[in-house]
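Good morning, everyone. Please look at the screen, and I'll walk you through a few spots.

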Amino acid sequence: MSIHESGENYLEQILILSRGGEKVRAVDLCKALGFSRPTVSVMLRELRQSGFVTVTDAGGLALTDRGMEVAERMYERHCLVADLLMALGVSRETALEDACKIEHDLSEETVCAIKAYCERIAQSAK
C-alpha cells in the first residue's frame with residue numbers, strides 16, 4: 001500500500017512523540033493532531049495492517065522500519081521547509097504550519113535543491 005498525506009502525518013507525529021521518551025499512545029496522537037479517538041483508531045488500524053506501525057507489549061505505538069523511513073523523510077522535509085521559510089522572514093508559527101502543508105508535495109529533486117541551497121547559505125554565513 002502506498003501511504004497518503006494523512007498517514008505520513010501520523011507517522012511523523014509518532015516519531016516526534018517517541019523522541020520525548022515516553023511510550024506513544026493513541027490518546028497522545030489525538031491530542032497532538034486534534035482528531036477524535038475513533039478517527040485516530042481507524043488510521044492506526046490501517047497503518048498497522050499496512051506494516052507501518054506496531055503495538056508494543058507495553059501497549060504503546062512503535063514505528064516499523066518501513067514506518068520509520070517514511071516518518072524520518074517527512075520530518076526532515078518539514079524541518080527543511082520550515083527553516084527555509086523562517087530564513088525568508090516568515091514567522092515561526094506560520095512557517096511550521098506552511099511546512100506541514102508543503103512537505104508532502106515536494107519532489108525529491110526539489111528537496112535536494114533546497115537542501116543544497118541552505119547548505120550554501122550556511123557556508124557563506126561562516
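Let's begin with a question: is Cys112 buried, partly exposed or exposed? Cys112 is partly exposed, because its relative accessible area is 44%. The cut-offs are these: buried means under 20% relative accessible area, exposed means over 50%, and partly exposed lies in between, with a 1.4 Å probe and protein chains only.

Two notes on the source. This is a predicted model, where local features need pLDDT of at least 70 and side-chain atom pairs count only at pLDDT 80 or more, while totals for chains, interfaces and linings use all residues. Residues are numbered from 1 along each chain as its sequence is written, and side-chain values use heavy atoms, with hydrogens and water left out.

Back to the cysteines. Cys100 is partly exposed, at 30% relative accessibility.

Now helix H1, residues 5-18. Helices (H or I, at least four residues) and strands (E, at least two) are DSSP runs, numbered from the N terminus. The expected span of a helix is 1.5 Å times one less than its number of residues.

Which residues of H1 are buried? Among them are Gly7, Tyr10, Leu11 and Leu15. The buried residues of H1 pack against several elements, including helix H3 (37-49), strand E1 (53-55) and helix H4 (65-87). Contact here means heavy atoms within 4.5 Å.

Next, the rings. The whole structure holds one aromatic pair. Tyr10 and Phe35 are stacked, 6.0 Å centre to centre, with 25 degrees between the planes. Tyr10 is in helix H1 and Phe35 is in the loop between H2 and H3, so the pair ties together parts 25 residues apart in sequence. Rings of Phe, Tyr and Trp (its six-membered ring) pair if their centres lie within 6.5 Å; planes under 30 degrees apart count as stacked, over 60 as edge-to-face, the rest as tilted. Tyr10 is buried, at 3% relative accessibility. Phe35 is partly exposed, at 41%.
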